Amino acid sequence: MIRAIRSARTQCEERGVIQRECAAIRAQFRQVDNGGARSHNLAKLLYVHMLGYPAHFGQMECVRMIASPRYSEKRVGYLGAMMLLDEKQDASLLITNSIKNDLAHSNQYVQSLALCTLACMGSAEMCRDLAPEIDRLLRASNSYIKKKAALCAVHIVRKVHDLGELFAPAARSLLAEKNHGQLILTFSVCYNVFVPCVSQTVPDLVQIMKGLVISGYSPEHDVAGISDPFLQVRILRLLRILGRHNETASDAMNDLLAQVATNTDSTKTVGNAVLYETVLTVLDIKSESGLRVLAVNILGRFLLNNDRNIRYIAMTSLQRIVGTDHNAVQRHRGTIVDCLKDQDASVKRRALELSLALVSASNIRTMMKELLLFLSSCPPELRAQAASGIFHAAERYAPSQRWHIDTILHVLTTAGGDVRDETVPNLIQLITNTSELHCYTVHKLYRALLTDISQPSLVQVACWCIGEYGDLLLKGECQETEPSQVTEDDALDALETVLQSHMSSPATRGFALTATMKLSTRITENVDRIRSIVSIYGSCMDVELQQRAVEYNALFRKYDHMRAAVLERMPVIEKNSSGHTNGETAGDAVKEIQPAAVKQTGPLLPQQPANQVHPPTVPVYEKDGVSLTLICEKTSDSGMTVTLTASNSTDSDISVFTLQAAVPKSVQLHMKAPSGDFLPARGAAKVTQMVALNNPNKVNLKMRIRISYNTSQGSAYQDTVQIDSFPGL
Amino acid sequence: MMRFLLLFSRQGKLRLQKWFTPISEREKKKIIRDMTSMVLARQPRSCNFLHWKDLKIIYKRYASLYFCLAVDNQENELLALEVIHRYVELLDKYFGNVCELDIIFNFEKAYFILDEFLIGGEIQETSKQVVNRCIESSDMLQEDDSSEWYEVELFG
C-alpha cells in the first residue's frame, strides 16, 4: 500500500488512494476475525495517520488488538495506542485493564510492551490504578523488566507526585545494582523523584563515576573512547542536584570533578558533552574557586573551538555565570565579540546577549564600536534587541555626553525603524539636558535629516531640534563641528519635505508642523512662508494636524503678541519615573508648558483644555455602616449642585432612607427627588440625591443634613451632620 | 526529559513522530509544521541547536533525513546529539546500511527500536548490543506467533 501511495503523483491522487484504502480498512475492521490481516491493516492505518489524515476509527481497533493473545497483534496494537490515543481520549481508559493483564503476563516482552505504552501515554488515573503493579515489577528479578518499570515509575511520579513515596524503597534498592543499564535509569528515577533519600550516597556515586572514567575499554558501552557517556552525564547531573545547596556533598565531589575535567578527551563531541556537563555541575554546586577557574577555562577553550555547536553552548553557559564570575568571563571578551561576526544566527544571538552583559565602564568605547558595527550588519530579528541593549549600555556607561548623543544618533541612522517608541522622548530629554551641545546636535541632526528621511525616530528628533534650536542652526558657527551655512529657506525646505513626504507618519508630521511654527519666532524673514504652510494644513485630512494648524493660525492672527512667549525655548524636562509620559509627540509637551508659561495672561487660545479632573468626593458622614459622600459642582456664578451619595456597608438592609437639608437664610435650596429609599446590605447599591443651591449673596455656605432610616429589625434611626466647607467651590 | 522526536525528509514529509508528553492533535500538527519550517530553513553549516518557546531543539541531518529532538531547557544539548546518533546507529545495525526508504516501508520496526532505546522521554538502555538483542528476540517472538510462549531470560 505504501508503494501505491508514494506513486501517486499529485496530492489529489494521493487523497484518492488513501480514501480507498481507509474504506477497505474500515470494512475489514468491522469483520470479526481476520487472521493475520488485522495487524497489517492497523499498520496501514498508522502510516496514513502519519501522513496527516484522520484515523480516529482505528482507536477501537487498537483496543481490541491489545487484548488479543497474539504477540504480533499486541505489538501493533500498542503502537497504535501510543500514536492514536492520548490522555484526553476516552478510549485510553479501556486499555487500562488490558495493560494490567499484560503486566502480569509471563512473557517479558509482553510486559515490556505494556510498560512502554504506560510510560508513554499513561494518564493520571491509569497511573494511579497501575502503580502497585509497577512497584511489584520494580522488585522483580528480571533486570530487563526492572529497567522499564523504573522509567515507568518516573513517568507515573511526574504525573501524580504523591505516588513518589510508594516507589522510594524500591528505588533505593536499585542503587545497589551493578549493571550499567540499571544504573542509568536508577539515576533518572532518583533525580527526578526523590533527592533527599539519596543524599547519603554521594560517595558511592563518586566511586561509580571514577570506575567509569578510569576503567578500561568496555565495548558494549563505549562511544568513541568514552565509556558510557550517557551514564556519566546522568551521574554528573545527579551530583549537581545533590550538591547544589549542600556543602558536604560538594566537597566530596571536588576531586572527582577535577579528574573528569582533566582526563576526558575533548576531541570528539562525546567528550565535549561530558565536559560540558562537568562544567555545569561545577558552576552549580558550592565548589572551590580553583575548580571554578578550571571550569571557566574549559568554557574558554570551547569558545575557541571551530565547531559552532561548542561555541554556542559555551556562550550559553557563560551567560549563566556572567553575573557571578564577571571577571572570569571578561577575559574571553575578545573571542565573544568575534563571534558576533559569525554567520550563524543562533551563535550571533548568543554572542549579542553575552556582549551586552559584558559591557562595563572600562570597555565601553571599544565594545560600542563593535556593537555598532554589528548593528549595521545584523539580521532583522536581532535588531530591536541590539538597539535597546546599546541604549541601555550607553545610558549607564557613557563616558561623555557628546559620545552618548553620537552613539544614539548612529543607532537611529542605522536601525531607526526598530527602536522602541520611548527612545524619542528619552533622546529629546537628553538633548535638552546638555545645553552646551545644542549647537552641535542640531547641526548633526540637520545633516542627517538631509541625507535620509526614512527613519521615523530620527526624523522626529531632528524636527524637534530644528524647531527648538533653529537659531543656533542658522547662526552658522559652531565649535564642535564644521559649520555649514544654513539659510532659513534651507531649514524650512527640510521641514516641508518631511511634512509632504509619504514616508512620514502622522506623528512625525506633527513634529514637523510644530517645529515650523517654532521657527517663526526664531527666524526673521520668512514668517509669511511659515504662515502659508501652517494655513495649508488647516484643512488637512488628519484631525490632529488640522487641529494644530488651526491653533497655530489663531496664534498668528489673534494672539500674535503672545507668539514669542508661547514658542520660547522649552525648559529642561525633569526625568520622572514612568508616571510622566511626554506623550508621543513633543507637540503635547508644548501645550502642557503653554499654560504654565503664560498663566498671568489668562485664557490663551479659544479652546481651553477641558477640566478633566473629577470634582472630589468628600465623605461627610460615617456611622454604623452608613456612609454619606458629597460632590459639589459649580454650575453658575452663584449656583451649585450638590450630589449626596449614601451607601450601606452593614450586613442588613436599610429601608425608608431619607435626607433632609437645611441651609443659611439667604441661600435658596431645592432638593430633587432621591433615586430611592432602600439601601441594600454590603453596598450592593447606592442612593443618590441631587440638591440645587443658589447663593446670590455669596455668604459662607453651610449645610445641615438630617439622615433618618429604618434598620431591618424595624427600629428607626436618626442623625444630623453639619457640613461647613464645600470643596470645589 | 525529551519532549518529542521527529524525522522528516528534505521536502518536509514526516517519516516518524514520537511524542513523550500528551498533546492534542491540532497542537501536534502545528508543532510539526513549525519544526519543519524552522529546521529546513537553516543554513547547511550552522549550529545544530535552536531555541523554540521554552524548549531546546537539536537537529541533525543524515543524508536526506532530518532528525529533530526537543528537550527541556536544562538538558545537555551535546548529549542529545549523541542520542540522535545512537538511534541512527541502532537503525543502521538493524536494517543494515539504513536509508530513508527502509524507514518509510518499515516504520513500525523503527518505532519498536525507538521504544527499546527511549521510554517516557528518557534513555532506557545505553548498550547497543542489548537493544539489538531485545529487538531480535521480539521479532522472533512475532514470527513464532503460535500459542507457545517461552521465557527468555537474557541476562540476570
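B:Leu6 touches B:Leu14, B:Leu16, B:Gln17, B:Trp19, B:Ile32, B:Met35, B:Tyr66, B:Phe67 and B:Cys68, leaving aside residues up to four places away in sequence. Contact means heavy atoms within 4.5 Å. This is a predicted model, in which local features need pLDDT of at least 70, side-chain atom pairs count only at pLDDT 80 or more, and totals for chains, interfaces and linings use all residues. Residues are numbered from 1 along each chain as its sequence is written, chains are lettered from A in the order written, and side-chain values use heavy atoms, without hydrogens and water.

The largest nonpolar core has 199 residues, and B:Leu6 is among the four that touch the most other members, with A:Phe302, A:Met368 and B:Tyr87. Helix 26 (residues 456–475) of chain A gives this core its largest share, 12 residues. Another core, of 43 residues, lies apart from it and includes A:Tyr109 and A:Ile145. A nonpolar core is a set of buried Ala, Val, Leu, Ile, Met, Phe, Trp, Tyr and Cys residues joined through side-chain atoms within 4.5 Å.

## Strand 5 of chain B

Strand 5 (residues 65–71) of chain B has 7 of 7 residues buried, so it is largely enclosed by the rest of the structure. Buried means under 20% relative accessible area (1.4 Å probe, protein chains only). Strands are DSSP E runs of at least two residues, helices H or I runs of at least four, both numbered from the N terminus.

In a regular strand, side chains alternate between the two faces of the sheet. Here B:Leu65, B:Phe67, B:Leu69 and B:Val71 point one way, and B:Tyr66, B:Cys68 and B:Ala70 the other.

## Its pairing partners

Strand 1 (residues 2–9) of chain B pairs with strand 5 of chain B in the antiparallel sense over 7 bridges. Strand 4 (residues 55–62) of chain B also pairs with strand 5 of chain B in the antiparallel sense, over 7 bridges. Pairing requires at least two DSSP bridges between the strands. B:Tyr66 is the bridge partner of B:Phe8 and of B:Arg61.

Note on methods:
Buried < 20%, exposed > 50% of the residue type's maximum accessible area, 1.4 Å probe, protein only.
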